[in-house]
Amino acid sequence: MANVHKEKSRITMDYVNVSGAGSASKSRSDDGAATAAMPGRKLYMLFFFSFGLLCILQAALNISLRLSLYGCQMSDTEVSCKNLTDNPDELKKRVSQFNHYAQLGWVYLHPSFYYISNEEKSWQDSRNYCQQNGADLIIINSLKEQLFTGLFYKVAWIGLTKTDDTWEWVDGTPLTESYWGTGEPNNLNINGTKEYCVETRFFDELNSWNDIPCEAQNVWICEKTVCL
Ligand SMILES: [Ca+2]
Ligand SMILES: [Ca+2]
């Protein structure tokens, strides 16, 4: 009975401590053990609150870093593909485009359709053909795409030219990742013609590119990006 009474008394004092400073002062004088419990509880609460806040900050940091890294690795095409779901009208337009190029028999490798010609033309005439079909000469953005060009087993134009002594893709972006064949680009000057356009000559090798005069006749590869 004595133990029960003592426990009851302690509970009462805890309640009083919460109610006000005056009562707390009273409880300290009555029972030292009870008064020590409150600062401890506050410390625990502070600890758990701080720990929780730290976890949230860590999670936010992880997410922002992941987004930052992912964003760096994404090409403009992939970014536009990512944003596609935010725009229903754009999605409808892309579905229509997808059906169009699929019916034309172009080959699809996400996120683009490709066409390789049977006839041969100069680089510019080849580009004109692609543009007349709503596309352009292929821009090789990745290893996957480079390997893909080799699957046609043809020497073909790609959308890379030299402008002001700088290699540039048909969309105006500078060349960063390249797959030049051994000894290329060598800019051979045959009959005064510079090698300012690029073909995939060594198609059975990863590094297949060769610079060649733009007036040469080649088959060509068109690319049309359609994000779905
Ligand atoms: Ca591409
Ligand atoms: Ca060459």
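This is a predicted model: local features need pLDDT of at least 70, side-chain atom pairs count only at pLDDT 80 or more; totals for chains, interfaces and linings use all residues.
Just after helix 6 comes Gly-134, with a positive phi of about 75°.

The protein chain has 7 helices and 8 strands, and 20% of its 228 residues count as buried. Among contacts between residues at least 6 apart in sequence, 61% join residues at least 24 apart. The average pLDDT of the protein chain is 77, and 63% of the residues score at least 70. Over residues 1-37 the pLDDT is below 50, and this stretch has 18 contacts in the model beyond near neighbours in sequence. Residues 59-74 also stay under 50 in pLDDT, and here the model has 1 contact beyond four places in sequence.

In soluble globular proteins, nonpolar side chains tend to be buried together. Here the largest nonpolar core has 25 residues, and those with the most contacts inside it are Leu-137, Ile-138, Trp-157, Ile-158, Ile-221 and Cys-222. At least two residues of this core come from each of strand 2 (112-116), helix 6, strand 4, strand 6, strand 7 (209-212) and strand 8. Strand 4 gives the most, with 4 residues.

With strand 5 (residues 166-169), strand 4 pairs in the antiparallel sense over 4 bridges, and Thr-161 stands opposite Glu-168. The two strands form a hairpin with 2 residues between them, and Asp-164 in the turn has a positive phi of about 50°. Strand 4 is likewise antiparallel to strand 6, to which 3 bridges join it; here Ala-156 stands opposite Thr-200.

Strand 6 in turn pairs with strand 7 in the antiparallel sense over 4 bridges, with Ile-212 as the bridge partner of Cys-197. In a regular strand the side chains alternate between the two faces of the sheet. In strand 6 both faces are covered, with Cys-197 and Glu-199 buried on one side and Val-198 and Thr-200 buried on the other.

Between strand 5 and strand 6 lies a loop that contains Tyr-179. Tyr-179 counts as buried because 21 other C-beta atoms lie within 10 Å, the cut-off being 20 or more. Beyond four places in sequence, the contacts of Tyr-179 are Gln-146, Leu-206, Asn-207, Ser-208 and Trp-209. Tyr-179 and Ile-140 are 39 residues apart in sequence, yet 9.5 Å apart in space, C-alpha to C-alpha.

Finally, helix 5 (residues 88-104) has 17 residues and reaches 25 Å from its first C-alpha to its last, close to the 24 Å expected at 1.5 Å a residue. Gly-105 follows helix 5 and has a positive phi, near 90°.

Methods. Residues are numbered from 1 along each chain as its sequence is written. Chains are lettered from A and ligands numbered from 1 in the order in which they are written. A nonpolar core is a set of buried Ala, Val, Leu, Ile, Met, Phe, Trp, Tyr and Cys residues joined through C-beta atoms within 7 Å. A residue is buried if 20 or more other C-beta atoms lie within 10 Å of its own, exposed if 12 or fewer, and partly exposed in between; C-beta atoms are placed from the backbone. Two strands pair if DSSP finds at least two bridges between them. Two residues are in contact if their C-beta atoms, placed from the backbone, lie within 7 Å. The expected span of a helix is 1.5 Å times one less than its number of residues. pLDDT is the predictor's confidence in each residue, from 0 to 100.
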